[in-house]
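Here are my notes on this one, written up as numbered points. Have a look at the fold while you read.

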Amino acid sequence: MTDPIADYLTRLRNAIQAKHRVVEVPASKLKKEMTKILFEKGYILNYKFEDEGVEKTIKIALKYNPITKLSAIKSLERASSPGLRQYADHKNLPRVMNGLGIAIISTSKGVMTDKEAKTKNVGGEVLCYIQ
């Protein structure tokens with residue numbers, strides 16, 4: 001697998017389209033941090049890190065509106081790729097849906113949202129956009 005973040009986002013996107021309640025993703029430190037951000041911002045219902053056996057996984061419970069059955073995540077979009085990295089300094093951080101969505105940024109001070117990076121005055125690699 002050449003791009004594990006794109007695989008992570010694709011698994012989430014496919015599970016949402018198929019209306020699955022839980023999706024299982026291979027774990028890494030970066031994916032764990034991205035999952036924590038999704039949970040803190042209310043895009044997913046819950047998550048669990050499983051360290052059993054050789055392969056470590058993340059189980060993610062997806063969040064849906066009980067009335068309309070629509071997912072809390074409307075779109076997941078990869079910004080930076082292994083072939084073309086997208087970097088932004090703290091002055092030029094992207095705004096998603098005029099501040100309604102989030103961009104996940106990998107900085108020297110850890111993985112954080114665009115708003116947190118702006119308040120801490122740090123830039124970094126723009127990983128993905130979530131609406």
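1. A word on handedness before we start: a crossing is left-handed if the near helix is turned anticlockwise from the far one by less than a right angle, and right-handed if clockwise. Helices (H or I, at least four residues) and strands (E, at least two) are DSSP runs, numbered from the N terminus. Keep in mind that this is a predicted model, where local features need pLDDT of at least 70, side-chain atom pairs count only at pLDDT 80 or more, and totals for chains, interfaces and linings use all residues. Residues are numbered from 1 along each chain as its sequence is written, and side-chain values use heavy atoms, with hydrogens and water left out.

2. Start with the helix pair. Helix 1 (residues 4-17) makes a right-handed crossing with helix 2 (residues 29-40). Pro4, Ile5, Tyr8, Leu9 and Leu12 on helix 1 meet Leu30, Lys31, Met34, Thr35 and Leu38 on helix 2, contact being heavy atoms within 4.5 Å.

3. Now the inside. Buried here means under 20% relative accessible area, exposed over 50%, and partly exposed in between (1.4 Å probe, protein chains only).

4. What does isoleucine 130 touch? Leaving aside residues up to four places away in sequence, its partners are Leu38, Tyr43, Ile73, Ser75, Leu76, Val96, Gly101, Ile102 and Ile104.

5. Most residues other than glycine have a negative phi. Asparagine 98, in the loop between strand 5 (87-88) and strand 6, has a positive phi of about 55°, and at 64% relative accessibility this residue counts as exposed. Asparagine 121 also has a positive phi of about 55° and sits in the loop between helix 3 (114-119) and strand 8.

6. Lastly, serine 108 is in the loop between strand 6 and strand 7 (110-113). Is serine 108 buried or exposed? Exposed, with a relative accessible area of 70%.

Note on methods. Axes fitted to C-alpha atoms, helices over the stretch in contact; angles between N-to-C directions.
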